Amino acid sequence: MKMKREFSILPEGVTSANFGQAINEFETLLGKESVIINAEGVASYAKIMLPVDDEAHQPSGALVPRSVEDVQAIMGICNKYRVPVWPISTGKNLGYGSAAPATPGQMVLDLRKMNRILDVDADLCTALVEPGVTFQQLHDYISERNLPLWLSCPAPSAIAGPLGNTVDRGIGYTPYGEHFLFSCGMEVVMADGQVLKTGMGGIPNSNTWQVFKWGYGPYLDGIFTQSNMGIVTKLGLWLMPAPPAFKPFMVRFPDDGDIVKIVETIRPLRIAQVIPNAVVIAHALWEAGSTVVRKDYYTGEGSISDTAIAQIRREHNLGAWSVYAGLYGTPEQVELNWKMVSQAFKSIGGEVLTETELGDNPVFQYRASLMRGDMTLREFGLYNWRGGGGSSWFAPVSQARGSETLKQMKLAQDILGEFGFDYVAEFVVGWRDMHHIIDLLFDRTNVAERERANACFNKLLDEFSKQGYGSYRTNTAYMKKVAETFGPVKQDVERKIKRALDPNGIIAPGKSGIYI
Ligand code: ADP
């Protein structure tokens with residue numbers, strides 16, 4: 001007879017007795033060591049950087065399956081006892097919720113042990129990976145075999161993974177940086193335990209799963225991204241052939257107001273693919289934040305003062321804006337495009353710099369490595385700016401037009417200022433769109449400051465959505481609120497799909513604001 005167990009937190013609506021039964025069945029299936037319910041083990045999944053209480057995102061435990069069959073069997077037990085699971089792949093998702101679930105009491109479904117690289121095809125430049133594969137692992141696999149292929153990874157790249165990042169619609173900095181666009185074929189475990197292969201994957205004996213995205217009939221892959229309609233257990237990726245020439249560059253501009261002409265200059269070059277990767281336009285404090293600590297320059301109330309920003313810029317030789325992008329292709333193509341690009345930036349007063357002038361400048365080298373898909377952890381430095389471990393990304397989308405920049409900047413600065421936070425931000429020109437990425441950094445150990453950060457983030461969401469700006473991604477604390485900004489019909493359709501595919505609501509309730 002098993003001992004009756006005590007649980008400090010239970011999934012919503014599940015009795016202690018039923019949860020205990022479910023845990024017993026999970027242990028029989030996976031082995032005790034892969035069912036984590038002890039406080040210390042669970043704590044490693046509960047760490048968050050968000051401006052809300054830990055309790056709001058406290059998991060009840062974690063499951064660590066090793067195979068697709070394990071995941072299918074887990075679905076069976078979850079349905080039987082109504083235990084919800086929150087899938088993570090490498091579980092980093094920093095500033096977007098880390099590994100913790102959207103609502104308390106869910107069990108984290110940690111897929112890190114499903115970490116095989118199933119295929120890398122150097123002719124077709126494709127890969128097929130499991131959820132636990134990290135960018136570092138794939139990078140090592142490629143370099144050990146000397147394959148002429150480049151990855152595209154998000155900023156803190158080494159420890160995150162291509163599957164988790166892609167299904168959460170993360171971005172990277174190479175020409176393949178729109179990760180979901182460059183994915184091809186998924187395997188998904190559905191809530192009823194069926195295994196779906198999207199695209200060409202359903203054809204027995206087909207070898208086209210990783211080369212033709214659309215398959216036949218409705219294109220389903222989208223409903224498994226930023227979503228809770230299934231658990232993705234394999235993902236196909238397109239990899240970039242290593243270009244013969246790569247020229248990363250930086251352009252420095254002296255005034256905040258220069259952002260208008262910067263974006264106007266970038267747009268046509270970007271749409272025509274003369275610049276083929278997302279262009280980052282980093283504000284001075286973003287540049288400073290990874291090396292400079294705020295309190296060395298400012299200890300007063302409110303946002304950091306203009307005088308302090310000017311001092312940081314002077315001492316660290318920073319522009320108001322630093323533009324980063326790269327050219328890729330044959331040496332001849334790159335040379336030709338460089339004439340056009342450098343001329344365009346010079347004609348609007350930019351200081352155009354390349355490896356020749358910048359050498360091993362660490363900030364430039366960091367950006368250059370991101371743009372060729374090399375591994376780095378550097379952006380974590382931003383978290384030292386204010387200290388105290390609080391970070392929440394605010395990421396509204398706009399058209400790639402200069403006229404969008406100053407009004408968004410003023411709106412953000414006014415709201416951040418009202419609550420005493422700093423404008424630590426960059427604009428990223430994707431293709432025709434622009435993401436304004438603002439890191440709301442705060443001291444999470446100070447309860448009053450954390451509450452102010454929460455109020456500030458809510459106001460940012462409210463005021464930006466009133467102006468017609470929606471977020472491309474958000475963290476677990478604001479998923480419902482952001483879903484509401486996209487209107488009731490979208491929410492209704494998503495709920496209907498959710499109820500049809502997962503009638504007991506066992507997969508990630510609350511992800512992107514979707515509940516049954
Ligand atoms: P990374 O470590 O690359 O940041 P995560 O593993 O944290 O990525 O995944 C980011 C988010 O994507 C998770 O919080 C979860 O909502 C979703 N997700 C991750 N893996 C899966 C999966 N295999 N199936 C469905 N959704 C997933």
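Four bridges connect strand E6 (residues 126–129) with strand E10 (residues 231–238), and the two run antiparallel. Strands here are DSSP runs of type E with at least two residues, helices are runs of type H or I with at least four, and both are numbered from the N terminus. Two strands count as paired if DSSP finds at least two bridges between them. Ala127 has Leu237 in E10 as its bridge partner. The structure is a predicted model, in which local features need pLDDT of at least 70 and side-chain atom pairs count only at pLDDT 80 or more, while totals for chains, interfaces and linings use all residues. Residues are numbered from 1 along each chain as its sequence is written, and side-chain values use heavy atoms, with hydrogens and water left out.

E6 and E10 belong to an open sheet of five strands, ordered E5-E6-E10-E8-E9 with antiparallel pairing. Strands E5 (117–121) and E9 (195–197) are the edges; each has a single partner strand, so one side of each lacks a neighbour in the sheet.

Thr265 is part of helix H6 (residues 259–271). Thr265 is buried, at a relative accessible area of 13%; buried means under 20%, exposed over 50% and partly exposed in between, using a 1.4 Å probe and protein chains only. Leaving out residues up to four places away in sequence, Thr265 touches Ala344, Phe345 and Ile348, where contact means heavy atoms within 4.5 Å.
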